[in-house]
Amino acid sequence: MSGITLETVRKEFDAGDEQIVAVEDIDLEIRDGEFLVLVGPSGCGKTTTLRCVAGLEDVTSGHIRFGDDDVTDLRARERDVAMVFQNYALYPHMNVKQNIGFGLKLSTQLSSAEIDSRVQDVAEMLGIEDLLGQKPKELSGGQQQRVALGRAIIRDPAAFLMDEPLSNLDAKLRSQMRTELQTLQHELDVTTVYVTHDQTEAMAMGDRIAVMNDGRLQQVGTAEAVYRSPVNEFVADFIGSPSINVFDVRVDGDRLVGPGGFDYPLSDTAPIEGYDRLRAGIRPEDIDLAADGIAIETQVLEPMGNENFLYATLGDREITARIDATARPQPGDVVTVDFAESSLYLFDPDTGESLKTKT
Ligand code: ADP
Ligand code: MG
């Protein structure tokens with residue numbers, strides 16, 4: 001068992017006369033036993049990164065290490081990792097027992113009795129010991145995914161690489177499997193890279209989260225760190241649901257002036273020094289109804305039970321606020337809201353970089 005290190009890993013694809021940079025010089029260290037979630041929008045390079053780690057793609061440049069071993073030139077088979085995909089890729093003609101045991105049979109000298117006993121252990125761990133005689137088509141999606149996991153686990157690999165393994169499951173089963181998978185990973189203590197486009201899943205599962213966009217690694221950190229202290233506007237926008245409100249403001253002395261009469265005096269002007277315009281961000285839960293504040297016009301109110309989502313307009317901008325469940329503004333109602341200066345995010349209008357670190 002070991003950690004995994006990506007050193008300036010780059011992967012380009014030839015696409016006719018065009019060169020696609022799918023992964024652009026990524027540096028990333030996954031710790032021994034860690035559950036790291038690689039998250040980002042569709043097409044940002046997650047699968048390609050994972051396939052490079054697995055040895056299913058040759059890197060264009062850079063190095064991949066497992067512990068101290070440079071595995072860059074090793075083929076997939078020689079890397080001792082187990083992959084789990086979105087489509088479970090079970091063998092349709094084999095039953096569950098054969099599907100789980102198949103890899104061991106190929107790769108080890110174990111006797112049938114030993115393999116049977118390992119299959120039994122793994123099946124019990126996954127709660128599918130009663131299904132061993134069944135064929136994949138007789139199983140539900142959740143059961144099939146457990147079999148796919150069983151196949152990965154039984155090999156006792158140095159690392160698990162999982163590419164959107166829960167995407168084909170319905171919402172309820174998906175959230176149940178998230179918890180199971182996390183528990184299992186912590187029990188097995190195997191270094192895991194888990195790819196998803198779903199930021200909620202990433203936040204819920206990862207020991208740490210690595211956010212990617214457009215082939216580039218944006219930020220690596222705990223769920224709390226990427227949420228509270230995003231390095232740029234992309235990360236701030238991608239992590240969190242409903243999304244952060246971001247709009248253009250003009251700097252006028254110590255005041256930020258924006259859409260719809262937005263006029264916010266700052267007590268700390270250090271972060272905005274030298275800027276005459278900025279991007280200002282405020283998360284929906286940091287906005288409070290206030291007797292005296294910024295006027296917004298209610299469009300839709302969504303009651304969530306313990307709180308309400310208020311969709312409103314601030315001038316020509318849409319704005320989302322999470323407010324008290326007892327507050328019931330109606331469409332067309334103008335309400336006033338306020339927020340603490342400490343909850344304000346500020347971004348460079350050209351680069352999108354964060355101008356201050358939040359506490
Ligand atoms: P993600 O998994 O984040 O959705 P991918 O890693 O699948 O993203 O793709 C990243 C980029 O690389 C995309 O632009 C995709 O079209 C391109 N790409 C992936 N695989 C290939 C390939 N085999 N040939 C050419 N382009 C590819
Ligand atoms: Mg993918």
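Colleague: What makes you call residues of helix 4 buried, and which ones are they?

Modeller: This is a predicted model, and a residue counts as buried if 20 or more other C-beta atoms lie within 10 Å of its own. In helix 4, Gln144, Gln145, Arg146, Val147, Ala148, Leu149, Gly150, Arg151, Ala152 and Ile153 are the buried residues. That is 10 of the 13 residues, so helix 4 is mostly covered.

Colleague: What do the buried residues of helix 4 pack against?

Modeller: They pack against strand 6 (81–84) and strand 7 (159–163), plus helix 2 (96–107), helix 3 (112–126) and helix 5 (171–188).

Colleague: How do you know what span to expect for helix 4?

Modeller: The expected span is 1.5 Å times one less than the number of residues. Helix 4 runs over residues 141–153, which makes 13 residues, and the expected value is 18 Å. From first C-alpha to last, helix 4 reaches 18 Å, close to that expectation.

Colleague: Why is strand 2 called an edge strand?

Modeller: The open sheet has 4 strands in the order 2-1-4-5, with antiparallel pairing. Strand 2 (18–30) and strand 5 (69–70) each have a single partner strand, so one side of each has no neighbour in the sheet.

Colleague: And how do you know that strand 4 and strand 5 pair?

Modeller: Pairing takes at least two bridges. Strand 4 (residues 61–66) and strand 5 share 2 bridges in the antiparallel sense, so they count as a pair. Arg65 stands opposite Asp70 of strand 5.

Colleague: Which residues touch the most other members of the largest nonpolar core?

Modeller: The core has 81 residues, and Val37, Leu38, Phe160, Leu161, Val193, Ala210 and Val211 touch the most other members. Domain 1 (4–237) and domain 2 (243–347) both contribute residues, so this core lies between them.

Colleague: What does Val211 touch?

Modeller: Leaving out residues up to four places away in sequence, Val211 touches Val39, Gly40, Gln218, Gln219, Val226, Val235, Phe238 and Ile239. A contact here has C-beta atoms within 7 Å.

Colleague: How many residues of domain 1 and domain 2 are in contact?

Modeller: Domain 1 puts 4 residues in contact with 7 residues of domain 2. On the domain 1 side, 1 is nonpolar, 1 polar and 2 charged. The centres of the two domains, taken over C-alpha atoms, are 39 Å apart.

Colleague: What does the chain come to in secondary structure?

Modeller: It comes to 8 helices and 19 strands. Of the 359 residues, 35% count as buried.

How values were computed
Residues numbered from 1 in each chain as written. Chains lettered and ligands numbered in written order. Predicted model: local features only at pLDDT ≥ 70, side-chain atom pairs only at ≥ 80, totals over all residues. Buried ≥ 20, exposed ≤ 12 C-beta atoms within 10 Å, placed from the backbone. Contact = placed C-beta atoms within 7 Å. Core = buried A, V, L, I, M, F, W, Y, C linked by C-beta atoms within 7 Å. Domains from an automatic or database assignment. Nonpolar A, V, L, I, M, F, W, Y, C, P; charged D, E, K, R; others polar.
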